[in-house]
Amino acid sequence: MLKLYNTLTRKIEEFESIEPKQVKMYSCGPTVYNYAHIGNLRAYLFMDTLRRVLKYNGYTLKHVMNITDVGHLVSDSDEGEDKMLKAARIEKKDPFEIAEFYMNAFLQDIDKLNIDKPEIIARATEHIDVMEKYVQQIIENGFTYETEKTIYFDTSKLDKYGVLSNRNVEEQKAGARVEFDSEKKNISDFAVWIKAPENHLMKWDTFWGKCYPGWHLECSAMSYQYLGEQFDIHTGGIDHIPIHHENEIAQSKGFCGKIPAHVWMHVDFLTIDGGKMSKSLNNLYTLQDLADRGYEPPVYRMFQFTSSYRNKINFTWEAMESAKVALNRLREGYLRHKEGTETIEKEMIQKYEEKFLNAINDDLNMPVAMSVVWEVLKNPQKSKELKDLLLKFDAVLGFDLAHYEKQEESLSDEILELVKQRDEARQTKNWAESDRIRDILIKKGYLVKDTKEGTILSK
Ligand code: AMP
Ligand code: ZN
């Protein structure tokens, strides 16, 4: 039985889908105004593991992730500058161009990490009409008020605001960092529809004139559009709990009187040297920064499995080095079993399977699941059955073991240089050049295979 921690009830619960064997799920996706950093990517690796564990348990998925490509303010609570417009100003580009560029960079990153993509990836800018209809219903239901430039959600109209973080409005007031904006009736009220100033670059013709939506609205409207009023699981980072997800719940209650998801799951933060990652401390890394230091994307995946998603994980270069060693051990061990000829008792295989399943079904306990993998690897009997077992586990782990083949150790410098040039050509989508180099390699007697980690050769 799959057990998951539910932030809403603050309990580990036995998971039961609304419809048998199908899971409807929504994940809050990135705001695409910059490259994703490795902290952001932790959130999507968690999402990936959850998808894989659900599939391993026999569920089919209908999973939506949004891409916030319309501006959202630096702070979640209607303050500060619009992130997208700020990036556009700094890079001297159109905000739509910024969004397009960083969305593609994000999609490439999740491919490199072998993240199993949601069935539906929904861009906010392509759903303005959906948001407009949704917000009009909330207005009709009497949950909003207008000021000169903004339509606010009136949180005092709810039976309770703050069901996820279990905070009341008084506590919020006490914790507020800024002066209470006098336009709002209650400190927890938030903008759902905003009149665009004359020179605002992202705006649409709507029922209230030239406007743009409040950030929280897109997730409510798009989850309703694709998954209906209520669905199984909603995921995000823990930073989403106090404002963004409370506001999604508020909107949904205003729209149809219901909390949209049964289970709310939140991934804790990646810290660095025990603290926060930030540009100013010069310790904000991307996947490319890791690659530049010799750590390919699956190494970062391996590193994530050293901690539960509900705990913080601290990034250090030493930890990356250990993860690299561990990944090599996994691949080498897999190859040894692949070449093995011994047979294994059925009970032994069953015992491993059971332990692995118990670990992943214990709220995605990946450190324990990995300990089972190490046991299998260390089994002195080398057997194809154990190779098959590892492949089965890899459906959850996502290391793409099936495509891993040992690199020939004695590749000459000339061949290595060709491989490097080919990988560079492929990265810049220079297919003609990559094909040209592939033909040279084939002539020299190599089988050329394209993998997520680049070109792999075998004789
Ligand atoms: P954003 O693009 O800023 O909306 O963030 C995308 C996702 O990354 C959200 O789910 C955040 O909760 C998550 N996130 C941001 N910083 C970190 C971090 N240091 N560790 C883990 N997740 C993070
Ligand atoms: Zn969201």
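Guide: Let's start with G237: one of its backbone N or O atoms lies 3.4 Å from an oxygen atom of ligand 1. That is a polar contact, meaning a pair of N or O atoms within 3.5 Å (within protein, one must be able to donate a hydrogen and the other to accept it, and residues adjacent in sequence count only if both atoms are side-chain atoms). Please keep in mind that this is a predicted model, where local features need pLDDT of at least 70 and side-chain atom pairs count only at pLDDT 80 or more, while totals for chains, interfaces and linings use all residues. Residues are numbered from 1 along each chain as its sequence is written, chains are lettered from A and ligands numbered from 1 in the order in which they are written, and side-chain values use heavy atoms, with hydrogens and water left out.

A backbone N or O atom of L270 is 2.8 Å from a nitrogen atom of ligand 1, and N40 brings a side-chain N or O atom to 3.1 Å from an oxygen atom of the ligand. On its own, ligand 1 has 490 Å² of accessible area, of which the protein covers 90%; such areas come from the Shrake-Rupley method with a 1.4 Å probe, and for residues only the protein chains shown count as cover.

What makes up the shell? There are 14 residues around ligand 1, and T31, G39, N40, D239 and L270 come nearest; a residue counts as near when one of its heavy atoms lies within 4 Å. Five of the shell residues are nonpolar, six polar and three charged. In that scheme Ala, Val, Leu, Ile, Met, Phe, Trp, Tyr, Cys and Pro are nonpolar, Asp, Glu, Lys and Arg are charged, and the others, Gly among them, are polar. Helix α1, residues 38–56, gives the most to the shell, with four residues. Helices (H or I, at least four residues) and strands (E, at least two) are DSSP runs numbered from the N terminus.

Now for the sheets. One open sheet has five strands in the order β5-β4-β3-β11-β12, with parallel pairing; two strands pair if DSSP finds at least two bridges between them. Its edge strands are β5 (120–123) and β12 (261–267), each pairing on one side only. Neighbouring strands here are turned by 20° against each other on average, direction ignored. Axes are lines fitted to C-alpha atoms, for helices over the stretch in contact (heavy atoms within 4.5 Å), and angles run from 0 to 180 degrees between N-to-C directions. Strand β4 (residues 60–67) is joined to β5 by four bridges, and I67 has R123 as its bridge partner in β5.

A second open sheet of five strands, β6-β7-β8-β10-β9, is antiparallel. Because β6 (144–146) and β9 (204–206) stand at its edges with a single partner strand each, one side of each is left without a neighbour in the sheet. At one end, β6 pairs with β7 (residues 150–153) over three bridges, with E146 opposite I151. C211 of β10 is the bridge partner of K195 and of W204. Two residues separate β9 and β10 in their hairpin. Helix α4 (residues 128–140) lies across β6, β7, β8 (190–195), β9 and β10 (209–213), at about 120° to β8.
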